[in-house]
Structure formats: C-alpha cells, structure tokens
Amino acid sequence: MINMGIGILHKYKDHIDLDGAAPISMGEGDTPLIYSDYLSKETGASVYLKIEGCNPSGSFKDRGMVVAVCKALQKNKKILVCASTGNTSASASAYAAKFGLTSAIIIPSGNIAKGKLAQAMAFGAKIIAIDGSFDDALNIVRKLENESSIEIVNSINPHRIEGQKTAAFEIIDSLGSIDYLCIPVGNAGNISAYWKGFKEYSSLKNFDPPKMLGFQAEGAAPIVKGKVIDSPDTIATAIRIGNPASWKSAGIALAESNGSIHSVTDDEIIESYVNLARKDGVYCEPASAAGIAGLLKLSKKVDFNEKKITCVVTGNGLKDPSTSEKFASTNIYPAKSELSEVLEAINKKV
Ligand code: F0G
C-alpha cells in the first residue's frame, strides 16, 4: 500500500484546490475496501465494503473536515460550529482539538448515539443540546454565517464535499470501475460528494461512473417521498433528517448517474446491521447498514448478477453501543476463575 497514513490533502493534492492554504492531516482516507463473501453470495454480484469507520474519528466525515479545517485555519477562524446527528460533531471536535480551535456543536437533545457524544466530550467540545431536530439545529447554524470568528463545518460548507469526494477516487484506484455505489442518505452531502468524485475522476481515468443507489430510513425519507418530513424518526439516528441540505445536488447525482433512491425499514436496517457483524465481521453503526439493507432489498427486483458493487459503510459500530446491547447481544456466562468452569462454559450448547 502506498501513501498510507499521509491524509487526503497530500495524497490527492492535484485534485483538491486549497488556494494556497497549508495542507494538514490527521491521517484520513486510505480506508479498507473489503470483499464481502456474504453479500456477494446473496446478490450474485461482487460486493465490496468501503470501511469508512476506519477514519481517525470513526466516520467518513473526517475526509471533508480536514479540508474545511485547513481553509478555516487559512482564514484565521477560531471556532468550528456544526449542527450534527453525532458524527460531524465528533469529527469537528477532534480537528479543533488537534489544531488549537474551539468547537461548538449543536445537537438534537437525546437523539445522538452515546459513543459520539462521548467523543465530543473527550475532545473538549462545547456541546449545545437543543430541544429540536437536526433540521432545527442546522437552521440555527445557517444564521451564524456572518459571525467573523466562526467557520461552519456542516456539508453546506463546499470544502466538506471536496474532501469527501476522495473516497470515490480510492474506490476507482482499487477497482478500476464499479457498476453501482450503495450509500445511506441523510443530509445528502455524501452522495453528492461521491458523485462529484466519480465524475471528475472518470474524465481523467477513463472509466464509466457508477449508478448511484441512495437509501433513506423509511421514517426519515424526504427525498424518496418528495416532501419535507417534519418529525423524522428512525433507529438510525445519524440519518434522522427531514429536510436534507444537499437535496438538490443529490437529485442531480441520481439523475446524471441513472441511479435511484429508496427507503428501508428500521427492521431491515437492524437485520443488516447484525448480519454484517455476524457474517462479515464488520461492526458498523445502524445508519451505515441502511446501504446494505437497501442493496439486499433491491437485489430481489434488480439483476445484479456479475456486477461490481461498493457499499459505503459510513461509521464505526463502537459509536452506538446501545443498539448492539438491544439487538445484537449474546449470553455472558458467569464462571469462577477455574479451568473446569471456563471449559464447561466454552462447551455449553447455545
Ligand atoms: N452515515 C453516517 C454514519 C452518518 O453520520 C451520516 C450523516 C450519514 C450516513 C449520511 O450522510 O448526511 O452526507 O447524507 N451524518 C451527519 C452528522 C448528518 O451530523 O454526523 P449525509
């Protein structure tokens, strides 16, 4: 593996215009792309998992954050602000800690996963928990635009999209081309970023960009339903969003790639979440499993035989241990600290 750990701003310096800003890195990108025996067998395709939970703060957000923070430093900004369902805030707080900035995160009270909140606390973020949704939080953040010391680091900041497009480059660098990309959709920044990446790279590397397949949770599926959802609800809190900021660019990605967007139920998400862990050894968070659930659901209607598919596994399962406790727990056998009892437990029939 070349260039491991140098970060996307160094690795893809010819593809991201920093306009004189000094590149920084926390080692983002270069995430594993793993062949899934289980999903390939289920669908007849060759299915690869892009494990974005291996980024420094445990989600794909770091790819975009490193660009946004690099530009914020160039502009001498002091405070990073974002609305978040958890991962953007974890990422922003990590980069703020490393580069001597303050982070202030605005989150929907009671609706972000434990691990993500723990990360923000550990990184020393100012945590503001509002009695509203992610969409309400983002509306407040938009109003901070003219505060001179503040850099907004949600994906409405175009630098975020510039960084996130590099995941598409990595997939093509590894596989040459793919037929479909399966991706969970919340605020719709990531699907837009991937499409930008595939399009830009296709003119340089001579491949046909893939069809984009987006997946929303059924209780938070504004793009699928074609209308704003006032009270979005899903177990996949990361994508509990009723009015995506990048709705328009996601629509362009779907149309230009000849792709489509669909919804999956919470039950389907949980089934895929457990199966991905038990059959592929990949521990992701529920939102990340939406793309897998969607692929399996679509494979009953669409012929994926012999196609090459990548599913974006957007975040690490450790961020949301409560969901495992609830849906993926197993027995714990109490035993004395003695060989005989331990052996007995090992051999017990489940
Ligand atoms: N998967 C995970 C794990 C996420 O955290 C998010 C978004 C998505 C998928 C959807 O990506 O918004 O670009 O369509 N999380 C944001 C946050 C909203 O605040 O962390 P998207």
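The model is predicted, so local features are reported at pLDDT of at least 70 and side-chain atom pairs at pLDDT 80 or more, while totals for chains, interfaces and linings use all residues. Residues are numbered from 1 along each chain as its sequence is written, and side-chain values use heavy atoms, with hydrogens and water left out.

## Overall form

The secondary structure of the protein comprises 15 helices and 10 strands; helices (H or I, at least four residues) and strands (E, at least two) are DSSP runs numbered from the N terminus. The radius of gyration is 20 Å, close to the 20 Å that the globule rule gives for 350 residues, so the protein is as compact as a globular protein of that length. That radius is taken over C-alpha atoms, and the globule rule is 2.2 Å times the number of residues to the power 0.38. Along the principal axes, the C-alpha atoms fill a box of roughly 65 × 50 × 45 Å.

Of the 350 residues, 55% count as buried. Here buried means under 20% relative accessible area, exposed means over 50%, and partly exposed lies in between (1.4 Å probe, protein chains only). The protein exposes about 15,500 Å², of which carbon and sulfur atoms supply 49%; these areas come from the Shrake-Rupley method with a 1.4 Å probe, and for residues only the protein chains shown count as cover.

Among the contacts with a separation of 6 or more, 71% join residues 24 or more positions apart, a contact being heavy atoms within 4.5 Å. The mean positions of the 38 positive and 38 negative charges are 2 Å apart. Lys and Arg count as positive and Asp and Glu as negative, whereas His and the chain ends are not counted; each charge is placed at NZ of Lys, CZ of Arg, CG of Asp or CD of Glu.

Helix α3 (residues 61-74) has 14 residues and reaches 20 Å from its first C-alpha to its last, close to the 20 Å expected at 1.5 Å a residue. The expected span is 1.5 Å times one less than the number of residues in the helix. Helix α3 is mostly covered, with 12 of its 14 residues buried; the buried set includes the charged residues K61, D62, R63 and K71. After α3 comes N76, whose phi is positive, near 65°.

Helix α12 (residues 266-280) has 15 residues and reaches 20 Å, close to the 21 Å expected. Its buried residues are I269, I270, S272, Y273, V274, N275 and L276. Just after α12, G281 takes a positive phi of about 70°.

## Selected residues

| Residue | Relative accessible area | Class |
|---|---|---|
| A188 | 4% | buried |
| E151 | 6% | buried |
| N190 | 8% | buried |
| A245 | 27% | partly exposed |
| N258 | 57% | exposed |
| T330 | 58% | exposed |

E151 is found in strand β6 (residues 150-152). Leaving aside neighbours within four places in sequence, E151 is in contact with A68, A72, K75, K77, I79, L80, V81 and N157.

A188 lies in the loop between β7 (180-184) and α9 (189-205). Its phi is near 75°, a positive value in a residue other than glycine. Helix α9 itself holds N190, which touches F60, Q164, I183 and T314, not counting residues up to four places away in sequence.

N258 is placed in the loop between α11 (247-257) and β9 (260-264).

A245 is found in the loop between α10 (222-225) and α11. With residues up to four places away in sequence set aside, A245 touches L138, R142, I156 and N187. The C-alpha atoms of A245 and I261, 16 residues apart along the chain, are separated by 16 Å.

T330 is located in the loop between α14 (321-327) and α15 (339-347). Its C-alpha atom is separated by 9.6 Å from that of V350, 20 residues away along the chain.
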